[in-house]
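Hi there,

Here is the model I promised to pass on. Please have a look at it first, and then read my notes below.

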Amino acid sequence: MNDLSERDQAVIWHPFTQMQTAPLPIPIVRGSGSLLYGADGREYLDMISSWWVNIHGHAHPHIAKRVAEQLQILEHVIFAGFTHQPAVELAERLLAILPPNQSKVFYSDNGSTAVEVALKMAFQYWHNLGMPRKKIVAFENAYHGDTFGAMAVGGRSAFTAPFVPFLFDVDYLPVPVPGQEAVVLQQAEALFTNEVAAFIAEPLVQGAGGMVMYEPGVLDKLIKLARNKGALIIADEVMTGFGRTGRLFASNHLDEKPDLMCLSKGLTGGTMALGITACAAHIYDAFLSTDKHKTLFHGHSFTANPLACTAALASMDLLLLPETQANIQRITQSHTDFAGRLATYASVDNIRQHGTLLAFDLNVGEQTSYFNNIRDTAYNFLLDRGVLMRPLGNVLYLMPPYCTTNEQLAFAHTQIEALLTTI
Ligand SMILES: *Cc1c(COP(=O)(O)O)cnc(C)c1O
């Protein structure tokens, strides 16, 4: 049974993994709904939607069928000078559900590239207008991906330390968490000048930065301040998109709509890699010219891959079903109820929720050495009991696929409460 793990270790370098100390990876042979099946016969309840991508459960038959059909028709075609049905249909259907100011869709491969494209669009927008602007404002602690531009606009941390000399400068605003709104707005008044090309934010929830949550009202105010100085607004909805915060997009909670939106993760239901940067008409228009220098010179070999676009279309079919929307409300309510129970534990702090995303801090008080190990302790405790969660330091969160049943949620809650009584 460890055969695959050992063969893996001989040849593979895993993401975000210290290969010297990491345990052997667990071979998964099959997935169905919210369950993953190990080669050793064990089951894992996937409470993190497999790195936040899987919104409808694993190996969903509708997505599988659509992709299998498309595979027989057209697997790929160069997307410069050519187009195809899945790409056009996906853009049409996506624009119909995105905020109404969004008018064009640019395809790439993943969340990081969606952010890279948004940044290039923003900088070149100003360049094309003959009024170059160089500054980006971002939130402290932000995560926008692992490529260089995406890293540059993210917070500086241990993850970016070796690369800091190579990252362009960004002006940071603290995250306007509840209670901090006034302070952040005051700092923003000074930061937003007419040199700012764009303000980039993960609306309502900073994911990888620790599931830090804030309210739409203050983001609306920040966007207004940025807009007053002409800055473009980039909403990185790579994690928050496709129902996660209870609405189809976190931007739907806002009055001020973004100029650019980055989408990936849930876009294909977690089936294939695909990224999208959507933009408002005035961005697109700034690239229209008889002068070829104003072209957006960006593209990837697999831009708008027909299989990935088909997976996204099939995922959208499912997302828009009344049943799925009801599931999103059901999970939201389940999280709220569980939050009430969590509040009774002394070891739990800072409980927060937006829609189907529930997060809390494990409060380990003075036990600093234990604190350092709390992430691994919690991860292993839950995994041993068949629940896949991936704490961010001492932050535990539930981000289940929308098909997760009440029984499965209750099972996860029981295991979490067992963990809480041991710390
Ligand atoms: C995951 C993530 C990204 C990067 O997406 P990848 O597909 O992993 O490159 C960017 N922004 C946010 C908010 C994310 O959560």
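Let me start with a loop residue: Ala59 sits in the loop between α2 (49-52) and α3, where helices (H or I, at least four residues) and strands (E, at least two) are DSSP runs numbered from the N terminus. Ala59 is not a glycine, yet its phi is positive, at about 50 degrees. With a relative accessibility of 64%, Ala59 counts as exposed; here exposed means over 50% relative accessible area, buried under 20% and partly exposed in between, using a 1.4 Å probe and protein chains only.

Before going further, a word on the source. This is a predicted model, in which local features need pLDDT of at least 70 and side-chain atom pairs count only at pLDDT 80 or more, while totals for chains, interfaces and linings use all residues. Residues are numbered from 1 along each chain as its sequence is written, and side-chain values use heavy atoms, with hydrogens and water left out.

Met211 also has a positive phi, near 50 degrees, and is a residue other than glycine. Met211 lies in the loop between β8 (205-206) and β9 (212-213), and at 0% relative accessibility Met211 is buried.

Now for the overall picture. The protein chain has 13 helices and 16 strands. Its radius of gyration is 22 Å, close to the 22 Å from the globule rule for 423 residues, so the chain is as compact as a globular protein of that length. That radius is taken over C-alpha atoms, and the rule is 2.2 Å times the number of residues to the power 0.38. The C-alpha trace spans about 65 × 55 × 45 Å along its principal axes, and 52% of the 423 residues are buried.

Of the contacts (heavy atoms within 4.5 Å) between residues at least 6 apart in sequence, 70% join residues at least 24 apart. Ile78 is in the loop between α3 and α4 and, at 51% relative accessibility, counts as exposed.

What about the aromatic rings? The structure holds 11 aromatic pairs. Rings of Phe, Tyr and Trp (its six-membered ring) pair if their centres lie within 6.5 Å, and planes under 30 degrees apart count as stacked, over 60 as edge-to-face and the rest as tilted. Phe79 and Tyr107 have ring centres 5.9 Å apart and planes at 80 degrees, so this pair is edge-to-face. Phe79 belongs to the loop between α3 (61-73) and α4 (85-97) and Tyr107 to strand β4 (residues 102-108), so the pair ties together parts 28 residues apart in sequence. Phe79 is partly exposed at 27% relative accessible area, whereas Tyr107 is buried at 5%.

Phe123 and Phe168 also make an edge-to-face pair, because their ring centres are 5.9 Å apart and their planes are at 85 degrees. This pair links Phe123 in helix α5 (residues 111-128) with Phe168 in the loop between α6 (148-153) and β6 (171-173), 45 residues apart. Phe123 is partly exposed, at 27% relative accessibility, and Phe168 is partly exposed too, at 31%. Elsewhere, Phe139, Phe192, Phe199 and Tyr214 form one aromatic cluster.
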